[in-house]
Amino acid sequence: MYKGKERKGSSSEWRDAFWNPRTHELLGRTASSWGLILLFYLVFYLFLAGMFVLTMYIMLLTLDDYKPTWQDRLATPGMMIHPKGDQLEITFSVSETESWDRFTQTLNTFLSPYNDSYQVQMNDNCPPDQFFIQEDSGEVRNNPKRSCQFNRSMLEECAGISDRFYGYSRGQPCVLIKLNRVIGMLPGKNGQSPYVTCGAKREDGDKLGPLAYYPPNGTFNLMYYPYYGKKAQVNYTQPLVAVKFLNASVNTDINVECKINSNTLEAGSERDKFAGRVSFKLRINHT
Amino acid sequence: MIYKIQATSQGHFTRVQHYLLYSARQKPHGEFNKARWLYFGCSQLLVHTVRMPDSTYGRSDSYRVATTQDKADRSPKKKKGGTKDMDDLKKEVPITEHKMSIEEVCRKFNTDIVQGLTNAKAAEYLIRDGPNALTPPPTTPEWVKFCRQLFGGFSILLWTGAILCFLAYAIQAATEDEPAGDNLYLGIVLTAVVVITGCFSYFQEAKSSKIMESFKNMVPQQALVIREGEKVTINAEEVVGGDLIEVKGGDRIPADIRVVSAHGCKVDNSSLTGESEPQSRSPDCTHDNPLETRNVAFFSTNCVEGTARGIVICTGDRTVMGRIATLTSGLETGKTPIAKEIEHFIHIITGVAVFLGVTFFILAIILGYSWLEAVIFLIGIIVANVPEGLLATVTVCLTLTAKRMAKKNCLVKNLEAVETLGSTSTICSDKTGTLTQNRMTVAHMWFDNQIHEADTTEDQSGASFDKSSVTWLSLARVAGLCNRAQFKAGQDSLPILKRDVAGDASESALLKCIELSCGSVRAMRDRNKKVAEIPFNSTNKYQLSVHETEDPNDNRYLLVMKGAPERILDRCTTILVQGKEQPMDEELKEAFQNAYMELGGLGERVLGFCHVLLPEDQYPKGFAFDTEDVNFQTDNLCFVGLMSMIDPPRAAVPDAVIMVTGDHPITAKAIAKGVGIISEGNETVEDIAARLNIPVSQVNPRDAKACVVHGTDLKDLSQDQMDDILRNHTEIVFARTSPQQKLIIVEGCQRLGAIVAVTGDGVNDSPALKKADIGVAMGISGSDVSKQAADMILLDDNFASIVTGVEEGRLIFDNLKKSIAYTLTSNIPEITPFLFFIIVNIPLPLGTITILCIDLGTDMVPAISLAYETAESDIMKRQPRNPARDKLVNERLISIAYGQIGMIQALGGFFAYFVILAENGFLPSRLVGIRLNWDDRSTNDLEDSYGQQWTYEQRKIVEFTCHTAFFVSIVVVQWADVIICKTRRNSVFQQGMRNKILIFGLFEETALAAFLSYCPGMDVALRMYPLKPSWWFCAFPYSFLIFVYDEIRKLLLRRNPGGWVERETYY
């Protein structure tokens, strides 16, 4: 009535399950069985890969080379500081060179494309306070698009020219602020350029001391906008604003928040701490 | 022929008795009717062949239905079965009082035959022995049950995930200023999931066990005792050994008593022994066996009539009934087959989850991720791997089936038992009536020297012979006229095969057959008015009737006759061949014999038909036919043909049916042969010995397929011998079995890997019921103990419900496979995002929250809806599944779900993911390796492919939009998946989309997905974001591919049965 259950030692059963010498089965399948199933899966996955590549290819065909399909998540451009420090914390000791050496180094590297000589050579000297619009005429692309000069010297005290150490050696550090690039963004109107203001957060207000902005008033001049994307506008130079902390309190954490003031950009959502603003911690140790 | 039917005390027999009485009035022709009788008899009544003149079954004429016991000498040493655990319970009942004289008994209990016990003594005994009540079986405390639900199955894995979440959060909280709440929330969600599914399962279980509570309404019993010479009515629980007790008709006997005096006392021992006939009790010891002797009456049996007085000898758990009940409740029952399957499946999934989790944990550490990150990956992999909603889905599916069965009066006590009947491979039953369809049909006919297959189709499309043949018309006329069955009124709209017929089974079969092929039998009978009739009787073994002919000008009478073929043949001198009457020569006789043998060999019941036109000169019109003193010719007839009928066994009936009965072996064998448990052509060792005329010992036991084992032999058998019997015989009858022996039989079958169902109603059946994989008890006739022990209760005692159970069980097994295949498929698109996240360092395509939304949200209703799917093919024609091979979840299911459909789904999800990122500016080439910067909170100027810069939050919103799109894509591909999972072999176009719940499920999951994506506030609550409409369509090509791919696969499957596709992909 029942198919006889052969009782075997469990160890030989295990061995048989792995390799059965009688039926030449490896893990319960013969060589041809393995071959067939592997061949099937190979063909099947090749086919799937082909299909995936095809759909991806079709999708990529629908994309514009110069402008992403959607930009609604970038309505409020983000802001960022340089040097970034460690987790947006700029902590250094005035007397210890090593503690701020890396900041000046990254600033040097970062600012090298802004060198006046380079900028003059590559970019235009645009008329200020107006957008530098270079529209395409219909299907004919007006490429490559020109970019406006942002000369390192415009950062004056923070250009690293007169003061190689960007004030770090004197406890008056410079922090560069940039507005994230967003293709086609027009951050102002009526000739009013957006400008950066910084302030201390919460109870740190009195620790911050006076600030100096370069270029004057901390503006991002309208002539640097709109941005046409890295493919069309290869040499785009992102405008910067430098903030110099002239007399910040030492040996204490200062929470600084810089934000953009513009008459067109909407304020970012409460959740995004870096949309239209940037927060960082500054701590100058001085013994 | 005497049909003596005595009323039994049990109401549930009435229906059958009506049938029997009806049949008796109809005086059915015994030859072909006896089987029906026996069939019914053994299905519900104890039918015993008391006198067998021909000594072979089927030839005897006297049947006594449910009459006095010849069971009374059932195996005297019945209690010697058990050898293993619970030894003493399995031993012989230690009652000796029946052999003692009354004085000795009185002395033993310090009692008095007139005065009874003194109150003081009674109180002393009560303290010593405890109350006279059965100890209720130990119940698991509720909190243990709850904990079992809370920590069983996948719960452990999810708990691990939750604890890791809290751990990760704790680490984050300790090391970071503003810890992200994600892990905390996920931990809480996981805990909630486990607790909620645990509660759900717990309440489901509680609900089904609550139904049982209603059976427990035990009314407190009273007993009339004589103490200190006074009759007092006390609570039955206070009865003690030695009490002098009086019982009268209608009472329930409060304890085991030694009868000291009786006046026409009869007790009904049916709940204890299964004997339905009341037995008289008297003070005399009539048998050594306490169970057989007349001077002992047992606890909880009923006194039917008369009065008796007796001394209590056993109380409470020490009574015979108490011992069986204790034995029953002490039995360990194994897991149900479906529970084993689910456990097996959980092992697979857990194995995969742990393997992947640990592998990637180690990989993550090697790749230089921090411990915290590695732990978070681990959590993700666990969450993605565990089909959180599946166990709830399974529970719901089982509950739905249980409800459906409850509607058909089939109450399932244990949810998991729903499936068990479907996989049952062995049924132990004395209720053999369960096993055939109870629908006699004409299968073959022989006329014109040829065997023809009967056409049983409603539209007669399957005709295999020439309907216009004169011989066939004559045969049909004989079968229609010489037939007392008729359709019950008011069924004209029903298909012929479904109509109810008044009449016995074989005549009904003939009636339906003729009605189907030749049109109205009633009209035929009206045309041929009946003038005389001799009903069947067993001396003649024929039935005849005389009719006027159809032709009004023909004044001859037509005599038609049917009966046992050889008897009919004896009366014939001619035979109708091709419409011409030919003399019956040896050649034709041999042809007849061959046909008879062949049909008989098929196990069919063969009838012969003949007719004659009576010569007008001898029997002129108006001739007075005298049927008492036959004054007309009944020989020199013209043979017309044979018709054979079968009562088809229920297609789903397991090939192994073991009959376990208390009957005498000869009777049991006869019944077994009659109902096909021992099929025609199969012989027992004894039969072979008799045929070859050699001693039994010389017969090779392997030659015998059938076997009849006497209960008393059973106890002498070693385990190996027992296994040998079960393994080498397909048809086994155990006769004279005691409760303990039934238990041994069940254990033997289970040892051989069978899934055993036991049906029974008496207390004596309860140990076997409990031990069986599924015990089926009777709702009306069953004793409380048997109901307690059973997993399923047939509320209306209708055995046809068992077939419903088998069907539902198989259907739910199939549908659970589909549900699981559907649910598991979405695991691949849930796991692969993590794997690519870790290996290729792309932003995470699918988050844990969205995974939970799929598993516990959108996948639930479609998965449950598959439980409503109708069967694809005739599931009743299948063999019962082999638990060793046919797993719920097998490698083919995993191969399809994980390796094929799941992969397509994952691609669909990834495609949506890449579309969204690309359209937002991150082309695929930019993504590889971006993860470290992407997930860095302090990087707020991450550059995309177009040179734009993104803050952390901005790109995270895009990432979460991707999660949402991936989630929606899974919903889209799951549309196709649920449609392909509807069927395992058939095309959806064959199966149709009639499952309304499934259609609802499709809309529901879509609506839920849309809600989760678009409802305001979801961005904060679940971090799901609104999708652009076009993103919904990303996965459509993949959904379509799934559908087409699987349809092609199923097409190949159907085209090449047993081919490679089936071997590799048919789950």
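UniProt annotations may be inferred rather than shown by experiment. In the unreviewed UniProt entry for chain B, "transmembrane region" is listed for residues 150–172, 184–203, 345–369, 375–398, 893–916, 957–976, 997–1014 and 1029–1045. The structure examined here is a predicted model. The predictor assigns the complex an ipTM of 0.93 and a pTM of 0.73.

Residues 150–172 of chain B are 87% helix and 0% strand. The end C-alpha atoms of this span are 28 Å apart. Residues 1029–1045 of chain B are 59% helix, again with 0% strand. Here the end C-alpha atoms lie 27 Å apart.

Chain A also carries the annotation. The unreviewed UniProt entry places a "transmembrane region" at residues 36–63 of chain A. In the model, this span is 93% helix and 0% strand. Its end C-alpha atoms are separated by 41 Å. Elsewhere in chain A, F18(A), W19(A), L26(A) and L27(A) form a nonpolar surface patch of about 400 Å². Of these residues, L27(A) sits in the loop between β2 (25–26) and β3 (29–30) of chain A.

Confidence was then considered along chain B. The mean pLDDT of chain B is 79, with 83% of its residues at 70 or more. Over residues 1–85 of chain B, pLDDT stays under 50. Where pLDDT is low, the predicted coordinates should not be read in detail.

How values were computed:
Residues numbered from 1 in each chain as written. Chains lettered and ligands numbered in written order. Predicted model: local features only at pLDDT ≥ 70, side-chain atom pairs only at ≥ 80, totals over all residues. Heavy atoms only, no water. Patch = residues over 30% accessible without salt bridge, like charges linked within 9 Å, V, L, I, M, F, W, Y side chains within 5 Å. Areas by Shrake-Rupley, 256 points an atom, 1.4 Å probe, with all protein chains shown as cover. Salt bridge = Lys/Arg side-chain N within 4 Å of Asp/Glu carboxyl O. Helix = DSSP H or I, 4+ residues; strand = E, 2+ residues; numbered from the N terminus. pLDDT = per-residue confidence, 0-100. Contact = heavy atoms within 4.5 Å.
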